[in-house]
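Colleague: Before we look at any particular feature, could you take me through how a model like this should be read, giving the general idea and then the case at hand?

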Amino acid sequence: MGRLVAIEGLDGAGKNTLTRAVTERLEATGRTVTALAFPRYGTQFADLAAEALRGGNGDVADSVYGMGLLFAFDRQAAAPDIRAALERHDVVLLDRYAASSAAYSAARLHEGADGAVAGWVRETEFGRFGLPVPDLQVYLDVGVALAAERAQRREAGDASRARDAYETDAGLQARTGAVYTGLAESAWVSPWRIHGADDAPETLADAIASLS
């Protein structure tokens with residue numbers, strides 16, 4: 001059975017870049033690796049959530065718990081694929097997972113990592129839905145300003161990557177970063193590791209390799 005690792009962070013933090021670098025390092029050591037990104041755009045629940053964040057689907061986006069359910073349903077639908085990947089690979093890397101809903105939902109409600117909505121996400125996704133629990137969760141902490149700058153550059157260079165309501169709200173991003181820090185410090189659901197902007201991907205890859 002492989003190890004499940006979720007990489008978390010603000011929009012523009014560089015999660016995809018870090019995932020690729022870690023994958024290359026692990027594969028170079030002979031391990032088999034696969035990756036999956038959430039939300040899974042192009043599937044029904046993820047697309048409903050994306051539409052809501054861009055003004056569609058009535059007042060769905062106004063409901064913190066409603067949006068949380070859409071993202072949770074997306075992960076629940078992917079759970080069989082995650083389990084199958086864990087059977088076939090040494091490491092499965094997830095670009096966002098349940099902690100994203102905990103962080104953003106708590107930030108929207110001005111709650112901390114120990115607030116009601118983070119507990120609800122945990123119970124709904126890992127309790128009621130039975131999602132696979134990560135062996136390690138990683139918070140890619142690059143700072144709010146740098147993450148926002150990267151997200152803006154990404155949007156300017158790719159019209160298909162226009163930022164949504166969460167991504168353009170600077171206050172929300174700052175609060176989300178604070179919640180992520182709290183989740184990591186409290187070992188929410190499973191062990192965490194904080195990976196800084198200047199930390200080498202190799203150090204994270206080696207830490208993941210030591211899990212097996």
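Modeller: Let us begin at a helix end, where D169 caps the N-terminal end of α7, with a side-chain oxygen 3.2 Å from the backbone nitrogen of G171. Such a polar contact is a pair of N or O atoms within 3.5 Å, where within protein one must be able to donate a hydrogen and the other to accept it, and residues adjacent in sequence count only if both atoms are side-chain atoms. Helices (H or I, at least four residues) and strands (E, at least two) are DSSP runs numbered from the N terminus. Please keep in mind that this is a predicted model, in which local features need pLDDT of at least 70 and side-chain atom pairs count only at pLDDT 80 or more, while totals for chains, interfaces and linings use all residues. Residues are numbered from 1 along each chain as its sequence is written, and side-chain values use heavy atoms, with hydrogens and water left out.

Colleague: How many residues does α7 have, and what span does the helix reach from its first C-alpha to its last?

Modeller: The expected span of a helix is 1.5 Å times one less than its number of residues. Helix α7, residues 170-185, has 16 residues and reaches 23 Å, close to the 22 Å expected. Just after α7, A187 takes a positive phi of about 50 degrees.

Colleague: Which residues of α7 are buried?

Modeller: Buried means under 20% relative accessible area, exposed over 50%, and partly exposed in between, with a 1.4 Å probe and protein chains only. In α7 the buried residues are L172, Q173, T176, G177, V179, Y180, L183 and A184. As background, an α-helix has 3.6 residues a turn, so residues three or four places apart point the same way. For the chain as a whole, buried residues make up 47% of the 212 residues.

Colleague: How do helices α3 and α4 pack, and at what angle?

Modeller: Two packed helices are described by the angle between their axes and the distance between the axes. Axes are lines fitted to C-alpha atoms, for helices over the stretch in contact, and angles run from 0 to 180 degrees between N-to-C directions. Here α3 (residues 64-88) and α4 (residues 98-108) pack at about 175 degrees with their axes 10 Å apart, and the two helices are therefore roughly antiparallel, a label for angles over 145 degrees, as against roughly parallel under 35, roughly perpendicular from 65 to 115, and oblique for the rest. In contact terms (heavy atoms within 4.5 Å), V64, M67, G68, F71 and R75 in α3 meet A98, S101, S105 and R108 in α4.

Colleague: Is α4 mostly covered or mostly open, and what do its buried residues pack against?

Modeller: Helix α4 is mostly covered, with ten of its eleven residues buried, and those buried residues pack against β1, α3, α5, β4, α7 and β5.

Colleague: Where do R96 and N57 lie, and is each one buried or partly exposed?

Modeller: R96 lies in the loop between β3 and α4, has a phi near 80 degrees, and is buried at a relative accessible area of 10%. N57, in the loop between α2 and α3, has a positive phi of about 60 degrees although it is not a glycine, and is partly exposed at 33%.
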